[in-house]
Amino acid sequence: MGRLMDGKGIDLGVCYYPEHWVRELKPGTEAQWREAEEVWTKDLERMMSAGLKTVRVGEFAWNLIEPREGVYTFAFFDRFLDLARDMKMQVIFCTPTATPPGWLTEKYPEVLNADREGHLMYHGSRRHYNYNSPVYQEFCSKIVEKAASHYGKHTAIVGWQLDNEFNCENSEFYSESDTAAFRTFLRRKYVTLDGLNRAWGTVFWNQTYTDWQELYVPRKNNTDSVNPHLMLDYYRFISDSVCRFAKMQADIIRKYCKPGDFITTNGMFGNIDYQRMERECLDVLTYDSYPNFAYCLDDYREEDLMKDRKWSRNLAEVRAVSSNFGIMEQQSGANGWNTRMEAPAPRPGQLTLWTMQSIGHGADYVSYFRWRTAVFGTEMYWHGILDYSGRDNRRLREVRQVSEKISSIQEIAGAKYAARVGILKDYDNIWDSQLDRWHGRVESMSQMALFTAMQLAHVPFDYVYMENHTTPESLAQYELLFYPHASILNPERIEVLEGYVAAGGKLVMGCRSGYKDINGQCVTANLPGLAARLTGTDIPEYSFAAPDDGKIMADWDGMKMEAAVFNDLLSPVGKDAEVLAVYVSSYYAGEPALIRNRFGKGEAYYFGGAFAADTARVFLDKLGVAEPYGDWIRLPEGCELAVRQKKNDDVILCKEASQACEEIQYLFVLNYLGHSVEIVLLVEMEDLFIGESVLGSRQLEAYEARIYKLTRRI
């Protein structure tokens, strides 16, 4: 068997549910087994003929291993795994903990999650459990132990998926077990109630706690507004709960799995520190990519420029956890549960486009969801490659074409995404923006605007998370960093930022930066608090942009730009601080809107508003990072440019150390438009799909993707 996501190849796979395609879930006679295996054999043969060499199985199959409490049976997956081995089909095996069985939730209702009013989420859907129930943890550890000890050495298995989509459907938890675990979490963090009361500012509204038993996860109250500092710790607690639950499973699997078998989990959902999760228990993160959500009937907006292109933003988030990653579920058919998420089938070419979108951002494994569309259950309108009949169709033909293209780009495996611009993030500010209306408004505006501007200016970028181990040196690969609204700052983070700028970096910060401490309390220092020295800025006044003022504009050397949502009125501090732009509307017209501070060898910029897309584009142009590959390729705005590269330390391209080495750039050009476009190659490159050198004008058809290889001596 081969390996996945090891930097040696790019592979395709598919999600498969062998239990959906047999008449009996527990075949009891040899004749029934032969009937089941005949169906599986035909499916696996067709998959492999289409270039799909790996299947994911088992994520919702608890009853197939433990049909009744304490009764374990392994026959079903024994037969399937043996068949997969004989046919040389690789398998990713899942722990089934996303869907506790009915016998468990009926006898032990304490395993169920609850809403904020305490109503239990009963059996009948999925992800209705809570992470902190000691009973559920015990049952999960047993089922994982049984599955891993029995199947761990099976040669068909190449990797393990933990659970399925942690925090999907529910990212908040209100069970009694969660309250008990929350109290433990808080005692560990604060040690004393005095420490907790100070951190939460409980003197406000007489919320002071005098006993740990008075503490609960958030509950419904008469204003439906919960202490924001409690909420910040609550989000941290949820993340801690998920990470500990995942680690419990990973630690068990590692006792039994074969050397080289990877452990992953799929998706990215709210209130989870994925960087911590990968450090503690994952080998690689995989993502579930459904760009067709952009066309959901209830949410579709014609004026949305990005549409399915927005999924590149999600892929950048995955890459911030795993520089090379996998796609566990890639869109292959129409979306839809029986109750919601209605969206059309991919148009011809879009399945290929979205696959190359994933690979362009760093995916070395792409698995389509799913092989056949379910004929029953909640997801019977969530289509896979094949429709209900299972006959050949347009999508299967396109998968075969994708497989042929994949065979021509194997050399890209392991190549890293190339970005010289980064957007800084941290979980404290992410979670604070979820509970703080002011913070949330500026953050949501700026994050989407920065992404849109970089897409249209063809600027590959990374999300970069500020963690405890982040250093100025680790940020030095980026010539420009945006930290749009770091409302929460602490001395450790500002020290890293100062070190980055002092060494020659450029940093851009936006309004509402530095006004909170790590507990989410507003600071009494002059704003922007800890960022004042770095940015050379004082903020004597601030305000929401009044709705009757229209767009608040600023002028930067004759270039008008919107200062959206919120406005800090600025004043330069120190000899190295310079006003670059002023407001030109509202009562504060003429006041500084943008300050540049020279700090060491670098520059820090403080902008007094949130970033609209046009504003972000002005920054990209002014700071010299727009169209970074403009000397090589000219693209219309409707095309995305994603770049992966192999540097000297990634691949040995020199026969001797004294010889000149080469750097290889792989330029993914992705046309998201429903019509053909013209692109221009300004230097000669190799088109990997046709294996020929090309130069000059080229036509890309609707939804077409191309990959160009450029080799340079360095």
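This is a dialogue on how to read some features of a predicted model.

User: What kind of model is this, and how are residues numbered?

Analyst: The model is predicted, local features need pLDDT of at least 70, side-chain atom pairs count only at pLDDT 80 or more, and totals for chains, interfaces and linings use all residues. Residues are numbered from 1 along each chain as its sequence is written, and side-chain values use heavy atoms, with hydrogens and water left out.

User: How are two packed helices described?

Analyst: Two packed helices are described by the angle between their axes and the distance between the axes. Axes are lines fitted to C-alpha atoms, for helices over the stretch in contact, and angles run from 0 to 180 degrees between N-to-C directions. Helices (H or I, at least four residues) and strands (E, at least two) are DSSP runs, numbered from the N terminus. Here, helix α5 (residues 134-151) packs against helix α8 (residues 228-256) at an angle of about 25°, and their axes are 9 Å apart.

User: Which orientation do α5 and α8 have to each other?

Analyst: Angles under 35 degrees count as roughly parallel, over 145 as roughly antiparallel, 65 to 115 as roughly perpendicular and the rest as oblique. The helices α5 and α8 are therefore roughly parallel to each other. Contact means heavy atoms within 4.5 Å. On the α5 side, the contact is made by Y136, Q137, C140, S141, V144, E145, A148 and S149, and on the α8 side by F245, M248, Q249, I252, I253, K255 and Y256.

User: What classes of residue make the contact of α5 with α8?

Analyst: Ala, Val, Leu, Ile, Met, Phe, Trp, Tyr, Cys and Pro count as nonpolar, Asp, Glu, Lys and Arg as charged, and the others, Gly among them, as polar. By class, this contact has nine nonpolar, four polar and two charged residues.

User: At what angle do the axes of α1 and α3 cross?

Analyst: The axes of helix α1 (residues 30-49) and α3 cross at roughly 45° and come within 11 Å. That makes α1 oblique to α3. Residues in this contact include W33, W40 and L44 of α1 and F76, F80 and L83 of α3. The class count is eight nonpolar, one polar and three charged residues.

User: Is helix α9 mostly covered or mostly open?

Analyst: Buried means under 20% relative accessible area, exposed over 50%, partly exposed in between (1.4 Å probe, protein chains only). In helix α9 (residues 274-281), six of its eight residues are buried, and the helix is mostly covered. The buried residues are Y274, Q275, R276, M277, E278 and C281. Their cover includes α8, β5 (262-264), α13 (427-435) and β11 (461-465).

User: How many disulfides does the structure hold?

Analyst: A disulfide is a pair of cysteine sulfur atoms within 2.5 Å. The structure holds zero. For C168, the closest cysteine sulfur is in C296, 13 Å away, too far for a bond. C168 is buried, with a relative accessible area of 9%.

User: Which residues other than glycine have a positive phi, and are they buried or exposed?

Analyst: Two cases are K88 and D163. K88 has a phi of about 65°, sits in the loop between α3 (75-86) and β3 (90-94), and counts as exposed at 62% relative accessibility. D163 has a phi near 55°, lies in the loop between β4 (157-161) and α6 (176-190), and counts as buried at 0% relative accessibility.
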